[in-house]
Amino acid sequence: MINYRTIYKVIGSLLFIEAALMLSCLAMAIYYAEDDIMAFLVSIIATLFFGFVFRFMGRNSDNTMGRRDACLVVSLSWAIFSAIGTMPFMIGGYLHSFTDAYFETMSGFTTTGATIIDDVEALPHGIIFWRSLTQWIGGLGIVFFTIALLPSLVGGSVKVFSAEATGPIKSKLHPKLSTSAKAIWAVYITLSVACTLCYKFLGMGWFDSLNYSMTSLATGGFSTHNSSVEFFHSPAIEYAVTFFCFISGVNFTLLYFTATKLKIRQLFRNSEFKLYLWMVLVFTAFIMIELIMRNQYELEKAFRVAIFQVVSFITTTGLFSDDAARWPHVTWVILAFCMFMGACSGSTSGGFKCIRGVMLLKVIRNEFKQLLHPNAILPLKIGGVNVSTQKRVTLLAFLTVTLVMCLFCAFSMIAAGIDNTNAITITLSALSNVGPTLGIEIGPTMSWAQLPGFAKWLCSVLMLMGRLEIFTVLVIFTPAFWNDR
């Protein structure tokens, strides 16, 4: 039976945290003395009210949580967090429909980075900061943040972590999950500070440095300028953004061990990281050659924009330094594959994840061997640990569901009149939490404002499913989930 009282208690506590996040944006609005002060003030009061309501509904909770409770609380938390997060946009009049506001907020918290705002620079500083902050918090996970901050809140925190964490294999640093969460958040915060200082040193202002560091480390992609990183016309900044986005696409647990034990070789021995690195290098080389031969780019510029865009797409960040819509169409295929694949599990990136790519390659290799040796028992090892048959079945099920979702949603958008290229890449972008799309009508440097309302809601659902890796959301709609036994 679902423990609703515990779920209400968790959601109420999360809303208190969201109110605290809005408070920091209120401070930013007061500092710049702009017209978003009242929007945040009213939003904070309303958020606290809803937080108290949920906490009241969850009074006398026994603080226990099963697997079904974990899936439900995680899915509801992200949906409700996004609904409440629309208030600054709506109350301030910066977005005029709940559909647009919900799309923008869900895109922020899921670190997708797709926007329906055509002129970001017209927004006040507090609202811009709110957009970036939603991505920074969503990078490692809303509930995961709560586990680190309030470890005693949920008795079944391991189940909650499993429902929200990315990748098929969940690695742990410490037997106590809250300790692991704090260690990973320490890495995340350290990188965020280093990124902010680096951007400032390279010529950004403090406000831009802070915002771009949050969206770079979260691999989100929201920008303070309409032309994204291209606004600065600085090769040094572009290389810095590429570096920090690439690092954010690496498993944070692996980064923690590498940094604390000073064993760089351990990083390069990791099969997932090696696949991730090789894809970035090979795809960059291919696109660089295409840009030199077909678009007459100079060598340095071709390398810089190629590696920037490859890293941006494969880490599902979505920042841009050049208009990929003007590149040869064959490069779109590479970028679309980057969209689908994503970076490493346990990072802030979305997508299919390189670890699943490694597993699939080894499954295929084993199938070839099995044809030659039908009676052989072939293990599938990742990091020296054998992957169970159940995880292999789950891998194939995940791939199947992902492809079916892509086909169904792309078909729905094409039927609604969206051109084929845009329909396919919009679906990939939303489900993989990338942000930009490829096409003529809605290009990689454009907003998604012209999408019809139903497509925005469909994309919002896809973003949530992509961030929670599909099964956590879909299982809620199965009859077995609501069976009391």
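I began with valine 387, which, setting aside neighbours within four places in sequence, is in contact with Met359, Leu380, Ile382 and Arg392. The model is a predicted one. I placed valine 387 in the loop between strand 2 (385-386) and helix 18 (389-415). Is valine 387 buried or exposed? I noted it as buried, because its relative accessibility is 4% and the cut-off for buried is under 20%. I also looked up methionine 341, which is 46 residues from valine 387 along the chain; their C-alpha atoms are 20 Å apart.

**Helix 14**

Next I turned to helix 14, residues 271-294. From first C-alpha to last, its 24 residues reach 34 Å, close to the expected 34 Å. At the N-terminal end I found asparagine 270 as the cap, with a side-chain oxygen 3.1 Å from the backbone nitrogen of glutamate 272. Just after the helix, I noted a positive phi of about 55 degrees at glutamine 296.

I then listed buried residues of helix 14, among them Glu272, Phe273, Tyr276, Phe283 and Leu291. What do the buried residues of helix 14 pack against? I recorded six partners: helix 11 (235-248), helix 12 (252-261), helix 13 (264-269), helix 15 (299-314), helix 16 (329-341) and helix 17 (354-372).

**Tyrosine 276 and the core**

Beyond its neighbours within four places in sequence, I found tyrosine 276 in contact with residues including Cys245, Phe246, Ile314 and Cys354. The largest nonpolar core has 147 residues, and those touching the most other members are Trp130, Tyr276, Trp448 and Cys459. Helix 1 (residues 4-32) gives the most to this core, twelve residues.

**Aromatic pairs**

I searched the whole structure and found 31 aromatic pairs. One of them is tilted: tyrosine 239 with phenylalanine 303, 6.4 Å centre to centre and 35 degrees between the planes. This pair links distant parts of the chain, helix 11 and helix 15, across 64 residues. I noted tyrosine 239 as partly exposed, because its relative accessibility is 31%; phenylalanine 303 is partly exposed at 35%.

Phenylalanine 273 and tyrosine 276 form an edge-to-face pair, 6.4 Å between centres and 70 degrees between planes. They are separated by about one helical turn because they sit three residues apart in helix 14. Phenylalanine 273 is buried, at 3% relative accessibility.

I also noted one aromatic cluster made of Trp136, Trp185, Tyr188 and Phe252. Last, I found the charged end of arginine 131 over the ring of phenylalanine 222, 4.0 Å from its centre, and arginine 356 over the face of phenylalanine 352, 5.9 Å from the ring centre.

Note on methods:
Residues numbered from 1 in each chain as written. Predicted model: local features only at pLDDT ≥ 70, side-chain atom pairs only at ≥ 80, totals over all residues. Heavy atoms only, no water. Helix = DSSP H or I, 4+ residues; strand = E, 2+ residues; numbered from the N terminus. Expected span 1.5 Å × (residues − 1). Buried < 20%, exposed > 50% of the residue type's maximum accessible area, 1.4 Å probe, protein only. Contact = heavy atoms within 4.5 Å. Polar contact = N/O pair within 3.5 Å; in protein donor to acceptor, adjacent residues only side chain to side chain. Core = buried A, V, L, I, M, F, W, Y, C linked by side-chain atoms within 4.5 Å. Phe/Tyr/Trp six-rings, centres within 6.5 Å; stacked < 30°, edge-to-face > 60°. Lys NZ or Arg CZ within 6 Å of the ring centre and 35° of its normal.
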